[in-house]
Amino acid sequence: MNHLTKFAITGLSAALLTACGGGGGNDAAPETNNPGLQASTPQASQPQPTARAISRPMPASTSALEPASCNQGTDLAGGRSYRVEMPSRVDGAAIVFEVFEPSLFDCDTKHPLILQGHGFSGSRTTTAGDDPLAPIKPLIDAGYAVISIDQRGHGESGGTVRVMDPDFEGEDLVQIVDWAETHLDYLKYRDNNLLLGGVGGSYGGGFQYLLYNVDPDQRMDAMVPQITWHDLTYSLNQGGVTKNYWAAFLSLAGDAGTGGAMDPFIRSTLIDGIVGNRFPEAALDFFHYHSPSYFSDNERGLELFDSGNSQEYLLDPITGRLPITSDGRYIIKTPQSTPYPVDVLMFQGMRDSLFPFNEAYENYLSMKKAGGDVRLLTYPFSHHYLAPNVGLIQDTLASFDFYLDAVPELPAAGLNALASCGDIEINRATVAWFNEKLLGKGNADNVITTGQQICYTLSPGDAVSAPEVTVGGQVFPIARDILGASLPVSALIGPAGVLPTIVPMTTMPEDGVVAGIPTVDLNVSLGLDTLDNACLESSDPILSLGTCDAILFVGVGVIKSGFGAPELIDEQVQPIRGLGSHQVQLTGIAERLSEGDRLVLMIYGQHPTFVGAFSRDLVVSTVQVSGEVALPILTSDGQERLASIR
């Protein structure tokens, strides 16, 4: 049993490394032209000019093959792929990508274009396969042209890795679409606008939102972003606490996968966060600017630099000089854009500790507000396989039969065994989505069987749908009942807080699910106002002695059948930093519950995801916690709140 469990975790982690951070060049069997496919007669249509002229300058490019042409009737056998390189309009850095032609050309109806992006520290796909993050073969077989991109600083593309900087990666993406419109005369248009889609996960999901927000021609029509972020300040600094495990992992993996091409400011920021227990404010501005959240709400109030010579304020990749004002604010050059409707099919991992469910929910809300058809689904696959911990082992053991069946399939099926929400398999859903949204054929709901509802993966192989994302829910006090008196809970913080403080919530009266985003309204204190008021405003930069820098990690746990040790649901915690009142959303969770299961609140002083990011103030080791928590407890079919819960 232990050997098989170890094998399952190792195999899944290796698969995710390839998809999220590794290369994309050998993810399937070698491409072949399907002998059963016969090309239509391309010469039947009269040669037509390029459907839309591009006004922006187009640098000369080099292509390993001459692009197929419907106008000229050349190279229309279909199924080819080739490398293209051109200099960036921003700084001359090489932009490299792979063009995959449709398996079968149809010069009468033409072909929409799909852009595909790799994971962080990865590279473009060069061989058509069916990896769920790079489903090239299913797409080209369905009649799409696909461009797989080496993002800036990755693979063969030049420049430094800027983590989806609107001024660099954003401009490069616009230029790639411009190239496609200029050179590929077989692309499909609607109302004189290119039919364009995007697919990919993690970093490959981030590029889709970036292009959507920066493209002056608003060409994006349909997207399938997976396990990606809404706000990198939340991803890496959730609750004002640095995610040190992920900061270290991304720093090391980024440099290893890109040959040291990470921008030095990003590298130094991650290191500063680990050492100083905080990210600099200018760095938080930097990460916010590189997120969909900047374009949707700009919560940090970033200001445009209005000089015509704004290039001098771009981050210097050699010195790491930041564009900041005299009072330390980060200055940016790309304005917020006007949102427009786009159809988005998003998948997120419920156990993802890098980009939790909350990030997908925020993207869901902003894209719904823009007016498109937006669907939110979850699946077992996520970054958590790259962060081995007790929760991952517990999850593997609880779903042992699923993993036992899935692991032998990994060499042949790749990640497809993990990329489903119930009966909704992502590759089929992706093709059905693009078919409906870009080609106007078929009904995506025949594949996406939950329709408009949210699809929650409760455990591998088990899912439930709900009409909406429940935020909050049934309310329970955070208190100790001692001789009939309701008293605050005493919780250990800092190095002493390895084991959680357990606060009972409720016992399930019948079967149900907890699915959504819990909330807490709590107060953290030292027990006496005089003690709280004695805390220093500032101290040494490393330990912050005397500042009462209380850091708690709060999550929802379950004691199965009411006995035994509590299990932290989905291994998700929300940091709470500082004394005083806090009204926050906890990290989203989804779990099937049985009658008799006991739900508890688990309060830690430290947690592996935030390793080393705990209260370093040795003056304070215990805090008093009071308030209430609201849990999204639903009926077993997910369709309504469980009325019998108390």
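Two strands pair if DSSP finds at least two bridges between them. Helices (H or I, at least four residues) and strands (E, at least two) are DSSP runs, numbered from the N terminus. This is a predicted model, in which local features need pLDDT of at least 70, side-chain atom pairs count only at pLDDT 80 or more, and totals for chains, interfaces and linings use all residues. Residues are numbered from 1 along each chain as its sequence is written, and side-chain values use heavy atoms, with hydrogens and water left out.

**The sheet.** An open sheet is built from three strands in the order β29-β23-β32, with antiparallel pairing. β29 and β32 are the edge strands, each pairing on one side only. From one strand to the next, the twist averages 25° (axes are lines fitted to C-alpha atoms, and angles run from 0 to 180 degrees between N-to-C directions). Three antiparallel bridges join β23 to β32. Val513 has Leu634 of β32 as its bridge partner.

| β29 | 589-593 |
| β32 | 633-635 |

**Helix α14.** This helix covers residues 426-438. Its 13 residues should span 18 Å at 1.5 Å a residue, and the end C-alpha atoms are 17 Å apart, which agrees. The expected span is 1.5 Å times one less than the number of residues. Of the 13 residues, 11 are buried (under 20% relative accessible area, 1.4 Å probe, protein chains only). Among them are Ile426, Trp433, Phe434 and Leu438. Glu425 caps the N-terminal end of α14, with a side-chain oxygen 3.1 Å from the backbone nitrogen of Asn427. After α14 comes Gly440, with a positive phi near 65°.

Conventions: Buried means under 20% relative accessible area, exposed over 50%, partly exposed in between (1.4 Å probe, protein chains only). A polar contact is a pair of N or O atoms within 3.5 Å; within protein, one must be able to donate a hydrogen and the other to accept it, and residues adjacent in sequence count only if both atoms are side-chain atoms.
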